[in-house]
Amino acid sequence: MSFKSINIQESAQLVSEGSLVVDVREPGEYNEAHLADSVLIPLGEISAEKVKQANPENKKILIHCRSGKRSKMAANILVDQNYAGEIFDMDTGINGWIESG
């Protein structure tokens, strides 16, 4: 299993389809700005088990952070822990999302 990095337009499509959005930033960053209905699981706490608990319906997951670095690390952690669902990484993070309007 692996993950796929996707652009903002593809990310928006996943969000509109009801994918679970996992924000791996820290609580202070999340409180400043976050995507609607996203679930906060900071990078230091991410695990396949926590994602399964947040995603009992096994929806596709879209992981994001500020700029795309931590989300890729989180996706790799999930892959290493044999997370069974589909994993997508928002390539430019919430910064790219905000810039795209």
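Helices and strands are DSSP runs, numbered from the N terminus. In the figures below, the model is predicted.

Figure 1. Along the sequence, the pattern reads β-α-β-α-β-α-β-α-β-α. The C-alpha trace spans about 35 × 25 × 20 Å along its principal axes. A compact globule with 101 residues would have a radius of gyration near 13 Å, and the protein, at 12 Å, agrees with that.

**Figure 2. Contacts and surface of the protein.** Take the contacts with a separation of 6 or more: 69% of them join residues 24 or more positions apart. Of the 101 residues, 42% count as buried. The accessible surface comes to about 5400 Å². Carbon and sulfur atoms make up 48% of that surface.

**Figure 3. Helix 1 covers residues 8-16.** Which residues of helix 1 are buried? They are Ile8, Ser11 and Leu14. Seen down the helix axis, these buried residues fall within an arc of 115°, so they line one face of helix 1. On the other side, Gln9 and Ser16 are exposed.

**Figure 4. The packing partners of helix 1.** What do the buried residues of helix 1 pack against? Three partners are strands: strand 1 (3-6), strand 4 (61-64) and strand 5 (87-90). Helix 5 (93-99) is also a partner.

Figure 5. Glycine 18 follows helix 1. The phi of glycine 18 is positive, near 95°.

Definitions and conventions:
Residues numbered from 1 in each chain as written. Predicted model: local features only at pLDDT ≥ 70, side-chain atom pairs only at ≥ 80, totals over all residues. Heavy atoms only, no water. Buried < 20%, exposed > 50% of the residue type's maximum accessible area, 1.4 Å probe, protein only. Helix = DSSP H or I, 4+ residues; strand = E, 2+ residues; numbered from the N terminus. Arc of directions from axis to C-beta. Contact = heavy atoms within 4.5 Å. Rg over C-alpha atoms; globule rule 2.2 N^0.38 Å. Areas by Shrake-Rupley, 256 points an atom, 1.4 Å probe, with all protein chains shown as cover.
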